[in-house]
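Please read it beside the coordinates.

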Amino acid sequence: MAIKNNITIMYKIIYTTSFFLLLLILSIEKVNGQTDTKKVYSESLNGRWSESSIIINSTEDGKWILIREDFRNKSTHYLIHQKRKIKIEISLLLTSEFSTDEKWFAYYTSNKEIKVINLLNLSNKTFNNISSHVFSFDNNSRFIAFYQTNEKKSLIIYNLQNDTTNEFIGVSDFRWNPKGDKVAMILNNPILSDVRIYNLDHNSVKVIQSFDHTNLSLLNWNENGDVLLWSENNKDNTILFHVNGKGKISKLTSEDIRTQLDDKVISTSNIRLSSDGRSVFFYRKKNNIQQKTDVEIWDTKDKWITPRKNSYDKNKSDFLLSSWTPEDNIVKSITDSNTSSILYRHKQPYALVWDALQYEPQYKQDTYVDLYVQDIKTGKRKLIVEHLYLGNYDEYAVFSPSGLFVAYFKEHHWYLYDIKKEKTYNLTESIGRNFYNESDNNITDKAPVAVPIWSEDEHEILLQDQYDIWLLNDKKVTNLTNGSSKGIHFKLSKANNTIVEKQLVRYSFSDTFTYNFNRPLLIETITDNLEKGFALLQKNKVKHLISSDLNYSNPKLFLNSNKFAYQVSSYKDSPSFYMYDMILNKSELLYQSNPTLQEFDLGKSEVIDYTLPNGVTLKATLLYPSKFEASKKYPMIINIYNQNADKKFVFQSPNFYGYDGFKPINYVTNGYFVLLPNLSYEIGKPGESALLAVEFALKKVIENKAIDASRIGLIGHSFGGYESAFIATQSKLFKTAVAGAAVSDLQTWSHDMQGNDWNTDQLWRTESHQFRMGDSYYKLKDNYKRNSPLDQVEQLKMPLLLWTGKNDYNINWYQSVYLFMGMKRLNKEGKLVIFENEPHQIFKEQNQLELSKIIKDWFEKYLK
C-alpha cells in the first residue's frame, strides 16, 4: 500500500549555501542597478522563461514556504526552508497542505500519488493509486486522511506518529471534526448506506444511521465537534439530518417546509451549521422545473431585460434563506420574495436584506436599494438607509465582526448604523477628504477606497481615503499617516486578514477584520511617483520599512515569527521572493525566478509628468529600448487603456504568447520605446478626452530627442481598442494604429447586450460607467456620434489594424466589422483579423502566436 523512499526522484535537495549566495548576489545587483555588461536579448531565448511565480502555501510561522513557478506547459514547485538552507524541487504537484503543528507536508500529484514528508528529518512516505486529491490533516496533526483506489474506494487514515494505517472500504465522503479526534464518514455498499463516526482515540466506529442505498453527503460539524449535519439527496428532493452530542437524530423534509412555510424545497447549495450546532441555515428553492422553450418574450415593462432577470431568478431571487432548529423542528424564513437578497454570516444575530429590483430600471452596473437590518430570531426588520447604491455589496455595506454595527458608503461618505440604538452617524463628513476610489469607472456612486477595519472591542474604526489611514472613535478623528502632504498613498494590506480573522467565517465580503494596536498592521505604500513599498502601523505610529521603483506585492504575514514574505518584480524583473524580519529590519532573498534573465539588457523605465490644458497633471511610464544609445533615433509605440503607467510593475515573460498580442518587453528588446500613459476623461467625451490626453503625453515625451516623432504607433485592446480606433480617425501624430476588440459605434453598441454569463444590457457601460457618456443616446446623439470611430471614419488618415474574436460576448465582434466595412467602402488602408471560437481575449496558444506575429509585422512594416 505504502512505499518508503528517499527524496531523490521527485525532489532535488540543496543543503549548501551556494544557491542562496547566488540569489543574494543577484538581489544586490537588482538593488544597486545594472552594469554595462548586460547581454543583448534575442527572441531565440523566449522558450526558456517561466510566465509567473507565486507563494501558494506556507507554515504559519513562515519557516517553510511553497512557491509555484509556472511555465507555459508545466508548473514546478519549490519547498523552501530559509534558515536550514533547504530547497526541495517538486514536480507534478496539484494540491498541498501543511499540518497545523508545521511538522508535516503532504501533496497530491498528477500521477495519483499522495506524498507525506516529515519536515523535521525529510523522510517521506508515498501512497499510490489515490483516487481523489481530497486529503486533510486533523487539527492535532496526528493523522492524515485520503481516498485510495482499489476494488472499492477506500478511506485511508494514516497515523503520522506510529506509521500505521486504518482502511475503510466503500467510503464516499468524510469530514474531520474540529477537535481532530473523530472523523465522520459515509460508507456505501450495494444494499445500505451508513453514516459513521470513527473515534481515533478509542479506535472505535459508531454507526449513526443506516439507509437504503441512497445518495448521502456530509455537510459539516459544529465548532465543538459534537454535532454533525448531513443530507440525503434525491433527484428533486433533499432531506437534512442532524445528530447532536447526545446522539439524538433530527431530520428536515420538504413536507416539514410545506407544513410550516410553503411548497419550496431544500436547496443543496451553501447549507451551514451554526457554531453551537443548534441551528441550520439553508436556502429554499422552487420545486417546479420549468419546461425549456425555444421562445423568449421580452417586455418593455420588465425592470430588467429577460436574460438578466432569468439569470437573477436562477441564482438569487428563487432562493430564500431559511433557518431550522432541530430541537423543536421549527423552520423560519429569513428572506422573502420581496427581499430575497441578503448579506449574512451565521455567527451574527442580524442580516442585511433588500430588494434588488426596487428602483429598476436604472441602467447602472448595479442597483439602488432600500437596505434593511433583520433580526434572525424574531424576523423583525428596520430600515437603515433608502436608495443606497449597493454595487458590490462587500464594499458599499458591511457588518462589524460582531454584527452589531453596519457601515455603509453613500454619496462619497461612510456612515455607521448602531443596530441596538437604531442611530446613524456620518463618520467622514468632518474630515473633508475623498473616501471614494478615484480610479473606479462609475461616473457617480464610486466605490470606497476600502471597507472599514474595526478594533477588537469595536470602539474604534480605521478608514482609508486616497492617501491616508484615519482612526475614529467617539472622542476624536486622527490622521495616522499624513501621506497626502508627502505624496504617499497608504493602504492597509489584505495580508492582515489572514492573521487576525482565522475564526471569522466570511461570506460575501472579505476585507473587514479586527485589529489590535499591540499587534502591527502591514501597510502597502505607493508614491505619486510610482514607487512602492511596505510600512508597519503599530500603536498609532507608522514605521517605513522598504520602498523602491520596483513592484512590492503579495505580502504574507507571519506574526508568530515577526516576519512577512513578499514579492518583487517589474516589467523587466522576473518575480523574486523575500522574507522581511521586522525585528532585525532586513530582508533576505528566498527565491529568484528566471535568474539568468537578469543577464540581459531589457531596457529601463522612466516616470514622466505631463499636463493637460485644464491643469490636470498625469503620469506616464516611458520604457527605453535595450542597449539604448542617446545619439540614435528610435520608433515608439503608445499602449493605452485608462491608467497604464503602473504597467511598469507588471512582469510578462518575453515570448509571443499573450491574451492581446502585445507585450511591451518584446518591443523594448527589439529597438522600440514604449509609452504607457495614464489618461483623464471628461463626461460625455470618452474618445475626445483620450485623444487630448494621448497627444499631450506624446508631445511631452518627444522632448526626448531619441524618439523619432515620425515613427509613432498606437495600440489598445477593449476600451483601449476603442480609444485607439477613435484616435486613429482624429490624430495626425501617428504613423499607424492597432485596435483590438474595439467598440466602433457607440449608438449600436449602447443598444446591444452583454452575453454569456453577464446577460445584461450595454446601456450602463455607455451611460454611467467606463465610456462615461453621462446619459442615453436619445439625449446626447451628437456626443455619441462625435465620439464614435465609425462616424469619424472619413477622417482616418493612417493604416489601421483591427482584430476581434467571434465569440466575444463582451464587445460584439460586429463592432470591428462595422468599422472595417466603413474603411473598405472609403478605400482606407487597413486589415481586420477575426479569430473563430475566441472570446474577448485570445486563449488558444496558436492564435496567440498568430496575433502577436501579425501585430509585430504590422509595426515593423510601418515604423521600422
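1. Gln770 lies in the loop between α10 (763-767) and α11 (781-786); helices (H or I, at least four residues) and strands (E, at least two) are DSSP runs, numbered from the N terminus. Gln770 is buried, with a relative accessible area of 5%. Buried means under 20% relative accessible area, exposed over 50%, and partly exposed in between, with a 1.4 Å probe and protein chains only. The side chain of Gln770 makes a polar contact with the side chain of Tyr641 at 3.0 Å. A polar contact is a pair of N or O atoms within 3.5 Å; within protein, one must be able to donate a hydrogen and the other to accept it, and residues adjacent in sequence count only if both atoms are side-chain atoms. Leaving out residues up to four places away in sequence, Gln770 touches Asn441, Tyr641, Asn642, Phe719 and Arg765, where contact means heavy atoms within 4.5 Å.

2. On the basis of these values: this is a predicted model, in which local features need pLDDT of at least 70 and side-chain atom pairs count only at pLDDT 80 or more, while totals for chains, interfaces and linings use all residues. Residues are numbered from 1 along each chain as its sequence is written, and side-chain values use heavy atoms, with hydrogens and water left out.

3. Phe719, one of the residues that Gln770 touches, is among the buried residues of α8. Helix α8 is mostly covered, with 11 of its 12 residues buried; among them are Tyr722, Glu723, Phe726 and Ile727. At 1.5 Å a residue, the 12 residues of α8 should span 16 Å, and the end C-alpha atoms are 17 Å apart, which agrees. The expected span is 1.5 Å times one less than the number of residues in the helix.

4. Which elements do the buried residues of α12 pack against? They pack against α8 (719-730), α9 (746-750), β56 (800-805) and β57 (830-835). The buried residues in α12 are Gln815, Ser816, Val817, Leu819, Gly822 and Met823. The 12 residues of helix α12 (residues 814-825) should span 16 Å at 1.5 Å a residue, and its end C-alpha atoms are 16 Å apart, which agrees. Just after α12, Asn827 takes a positive phi of about 60°.

5. The largest nonpolar core has 51 residues, and those with the most contacts inside it are Leu622, Met636, Ile638, Phe734 and Leu800. Helix α7 (residues 686-701) gives the largest share of this core, seven residues. A second, separate core of 42 residues includes Leu343, Tyr389, Leu390 and Ala397. A nonpolar core is a set of buried Ala, Val, Leu, Ile, Met, Phe, Trp, Tyr and Cys residues joined through side-chain atoms within 4.5 Å. Not counting residues up to four places away in sequence, the contacts of Leu622 include Met636, Phe673, Leu675, Val701 and Ile707.

6. Ala447 is in the loop between β34 (423-426) and β35 (453-455) and is buried, at a relative accessible area of 8%. Ala447 and Tyr389 are 58 residues apart in sequence and 9.4 Å apart in space, C-alpha to C-alpha. With residues up to four places away in sequence not counted, Ala447 touches Glu395, Tyr396, Phe409, Tyr436, Asn437 and Asp440.

7. Gln466 is in the loop between β36 (461-464) and β37 (469-472), and at 18% relative accessibility it counts as buried. The side chain of Gln466 reaches the backbone oxygen of Tyr436 at 2.3 Å. Residues that Gln466 touches include Tyr436, Asn437, Val449 and His489.

8. The structure holds 46 aromatic pairs. Phe98 and Phe105 form a tilted one, 4.7 Å centre to centre with 45° between the planes, and both residues are buried. The rings of Phe534 and Tyr566 have their centres 5.4 Å apart and their planes at 65°, so the pair is edge-to-face. Rings of Phe, Tyr and Trp (its six-membered ring) pair if their centres lie within 6.5 Å; planes under 30 degrees apart count as stacked, over 60 as edge-to-face and the rest as tilted.

9. Phe534 in strand β42 (residues 532-538) and Tyr566 in strand β45 (residues 563-569) are 32 residues apart, and their pair links distant parts of the chain. Phe534 is buried at 1% and Tyr566 at 3% relative accessibility. Ring pairs link Phe534, Tyr552, Phe564, Tyr566, Tyr578 and Tyr580 into a cluster.
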